[in-house]
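Here are my notes on this model, as numbered points. Please read them with the structure open.

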Amino acid sequence: MTLPAQVSVVIIGGGIIGCSIAYHLTKLGIRDVLLLERRQLCCGTTWHSVGSVAELRGTRRMTELTRYTAELYRNLEAETGQATGYRKSGSIMLALNRERLMEMQRAAALARQFGHDAEMMSLSDIRDRCPQVVVDDALAGFYISSDGRTNPVDTTQALARGARMGGAKIVENVEVRGLRIVNDEVRGVLTDQGPVQADTVVLATGMWGREFGAAHGVSLPLQAAEHFYAVTEPIPGLQSAMPFIRVPDESTYYKEDAGKLLFGCLEKRAKPWALDGIPRDFCFDSLPEDLDHFEPILTAALKRFPLLETAGIQLFFNGPESFTPDGNALMGETPELRNLFVACGMNTVGVMTGGAMGLMMAEWISARRRPEGFAEYDVARFSPFQSGRSYVRDRTVEALGVLYDIAWPNREHASARGGRRLPLHGSHQVAHAIFGNRAGWEVPLVFAPRAELAVLQPSYGRQNWVEWAAQEARAAEEEAVLFDLSADAKLRITGTEAVAALHRLSGQGAAPPGLANALWLTENGKIEAAVRILTVNERDAYVLSAPGSERLHRKWLIARGIAAQAIQTVTSAHALFLLLGPRVAGCLAAAGAGDAVATMRAAEIGYAPAILAPVTVGGAAGVLALLDSEFAAHAAETLHAAGLVRRGGISALEALRISAGEPAWPAELGDTVTPQQAGLARGDTPSTTALVAIALATDSGALYGAEGILCNGRPVGLTSSGAWCHRRGVPVALGFVSNAAGVGVEWLDGSPFEIDMPDGPVRASLRLIGT
């Protein structure tokens, strides 16, 4: 086929994601689509996918989308005439220890909130349903009846046929060698058969994405890793209706496959592959066997399925999959090049989420804005250094195992750490800081009383650091505490027009010098982001936000008319201290900065020039200090010498804000939420969904977010974040509840509420935010 000279959209890559995007674009009326595949459809990683389609995800939005994926796969044959092989089989996850059981009980509560058909299953019920699996060492199972499986190649071909029926062109054996770029804007592609102009180019290149992106100055942090499974010879009598079995405590999964048993692993330590680039001729290829690496999985499988002792192994398979640093796909328009979109790094769930990802990308391309509830996939969430060879290598070693690890609350990655440090990192270490990782930064979570205690101990109950954070929160209310927020994103906006535009976008009008909280809204009136605006004067202002949000915010501001040259990323250039407590004024005075804390002003902390602005967090008043990074250590030493009592970590700040009922971005505030629903604006009538502050009636268990909220035993919402309140002595949380008649004070005060906890519902009181 001769390539067209010009099209609306070029998609590079013919795996399930590329074909799904093409299919969904045609459904939206964008039919001038050209998909280019360097070899054959499915030949990269799609063809060797296990084909599992699990519907329950961590958010309501993604659960709805995976349900859509299953429904799409189920109906494609009727639409296109191409069978997909989709069938509903159900799935069972086994818990081999108490901690995994609690995780499954939390998942069951989440499923109830989403109206999902899922339940805890006893061992006798598992034996009845799956008599060939040994469960004597298990505590229970978690059964989801709606989960299914599909044939990856057939499903991709069905999507491709549907795309062609809608008008898209799909051409195989065409290699895209580069992009046509004009003034940081992609205008088309350069292929081995000539150029093609396009308004939009989509990289659905899977594990080739990082290398291709880097060749054009685009940062795509993903890396291929080896993924192992085995397939037996046909086994007479193997249960054909066997649900998909997961045993995450053994890193294993099992499924019936045409009379054979397929079993594989997501092992604790993965093997990164092709760090220096994927071979150009890779096509339907596998990697060399590594029986030593796979042996522990085989041993576990023999115990779990004794019938394997007499079954022959037809295939030991090793094939690559691509992984990202946080386990979420890379989606959306790149910050570096306009009109270049990406959809890659699927972390083994490309087939599982293929319909959803194709739909979301098609909507993103069509509307030129991110679909609601999709922020966690935006490629702009990463910093460029995170696509470096060493970083992705080290993180990928951990990436597979994380998928089957217990999803502990406040879990921190152990790999690819320590590269990005605050100016006070060394002194935080001396003060026994326990560090977390935010956008690659090492940030203090909490300070332990002694060095040997400075370790996070995972638990679904009250974790070991909670009392230390409570002490820091008390000190912030009663004494003077320094919280180091230097990892927070900082954008400097310069020029009269740019600063005025920033204020308009922030709903502030002509804002005077000072610090103000601001909401940025989407075109639909929902919350794009919540930021602080520090206005120095009419020509100079700073945007302060959560770590790692620089590129997200910069892209958003540029799209709304602020010139790129007026926006400077200055995160590393400036330290940011939050000083809280009634003794802060005295400390500042003793440090030579004066004792005025009610207005923004320039001051000197010792020798360090700083901008000071009044601020309140969780009811604790204080000052935010912005200063050049090279002065951070001196300023901190001067403040401590002047009477600053201690340092605090972000866990204490979380406890303060949650206890005070203050929503934060992105935990509560996001693009699925309106200001009225969040209690930040008033409406004419009560919203049917609203944010509430929650307190347990007794000091039992712990709240971390994603717990179900019950009214008269009926699911009505979910918590979004949780903490332990040192003032009330009970767990507290924020969360959204829904009521068809409106969420008002009368309903909240007059109804019995409970939190759906692993050990049973616990009574709770709810208060409407903003009242």
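Where is the place of arginine 368? The points below start there. Keep in mind that this is a predicted model.

1. **Arginine 368.** Arginine 368 sits in the loop between α8 and α9. Its phi is positive, at about 60 degrees, although arginine 368 is not a glycine. Most residues other than glycine have a negative phi, and most peptide bonds are trans. Arginine 368 has 38% relative accessibility, so it counts as partly exposed.

2. **Asparagine 410.** Here is another positive phi in a residue that is not a glycine: asparagine 410, at about 65 degrees. Asparagine 410 is in the loop between α9 and β20 (420–421). With 42% relative accessibility, asparagine 410 counts as partly exposed.

3. **A cis bond.** The peptide bond that joins tryptophan 665 and proline 666 is cis, with omega about 5 degrees. Look for proline 666 in the loop between α16 (650–659) and β34 (689–696).

4. **α1 against α5.** Helix α1 covers residues 16–27 and helix α5 covers residues 152–165. Their axes come within 8 Å and cross at roughly 30 degrees. That angle is under 35 degrees, which makes α1 roughly parallel to α5. The crossing of α1 and α5 is left-handed. On the α1 side, the contact is made by Ile16, Cys19, Ser20, Ala22, Tyr23 and Thr26. On the α5 side, Thr155, Thr156, Leu159, Ala160, Gly162 and Ala163 take part. By class, the contact of α1 with α5 has seven nonpolar residues, five polar and no charged ones.

5. **Serine 20.** Is serine 20 buried or exposed? Serine 20 has 0% relative accessibility, so it counts as buried. Serine 20 belongs to helix α1. Not counting residues up to four places away in sequence, serine 20 touches Leu159, Gly354, Gly355, Gly358 and Leu359.

6. **α1 against α2.** The axes of α1 and α2 come within 14 Å, crossing at roughly 75 degrees. The two helices, α1 and α2, are therefore roughly perpendicular to each other. From α1 the contact takes Ile16, Tyr23, His24 and Lys27. From α2 it takes Tyr68, Leu72, Tyr73, Leu76 and Glu79. The residues of the contact of α1 with α2 divide into six nonpolar, one polar and two charged.

7. **α2 against α8.** The axes of α2 and α8 come within 7 Å and cross at roughly 110 degrees. So α2 and α8 are also roughly perpendicular to each other. Arg61, Met62, Leu65, Tyr68, Thr69, Leu72 and Tyr73 make the contact from α2. Gly354, Gly355, Ala356, Met357, Leu359 and Met360 make it from α8. By class, the contact of α2 with α8 has nine nonpolar, three polar and one charged residues.

8. **Threonine 66.** Threonine 66 lies in helix α2. Its relative accessible area is 0%, so threonine 66 is buried. Leaving aside neighbours within four places in sequence, threonine 66 is in contact with Ala54, Glu55, Arg57 and Thr353. Threonine 66 and alanine 54 are 12 residues apart in sequence, and their C-alpha atoms are 7.4 Å apart in space.

9. **The nonpolar cores.** Nonpolar side chains tend to be buried together in soluble globular proteins. In this model, the largest nonpolar core has 46 residues. Those with the most contacts inside it are Ile11, Ile21, Leu25, Met331, Met357, Met361 and Phe374. The elements that give two or more residues to this core include β1 (6–12), α1, α2 (60–80) and α5. Which element gives the most to this core? α8 does, with eight residues. Apart from this core lies another, of 35 residues, among them Leu502, Ile567, Ala693 and Leu734.

10. **Leucine 25.** Leaving aside its neighbours within four places in sequence, leucine 25 is in contact with Val9, Ile11, Ile30, Val33, Ala362 and Ile365.

11. **Helix α13.** In α13 (residues 550–559), Glu550, Arg551, Leu552, His553, Trp556 and Leu557 are buried. What covers these buried residues of α13 includes β24 (489–494), α12 (496–505) and β25 (514–521). After α13 comes glycine 561, whose phi is positive, near 100 degrees.

Methods: Residues numbered from 1 in each chain as written. Predicted model: local features only at pLDDT ≥ 70, side-chain atom pairs only at ≥ 80, totals over all residues. Heavy atoms only, no water. Axes fitted to C-alpha atoms, helices over the stretch in contact; angles between N-to-C directions. Helix = DSSP H or I, 4+ residues; strand = E, 2+ residues; numbered from the N terminus. Parallel < 35°, antiparallel > 145°, perpendicular 65-115°, else oblique. Left-handed = near helix turned anticlockwise from the far one by under 90°. Contact = heavy atoms within 4.5 Å. Nonpolar A, V, L, I, M, F, W, Y, C, P; charged D, E, K, R; others polar. Buried < 20%, exposed > 50% of the residue type's maximum accessible area, 1.4 Å probe, protein only. Core = buried A, V, L, I, M, F, W, Y, C linked by side-chain atoms within 4.5 Å.
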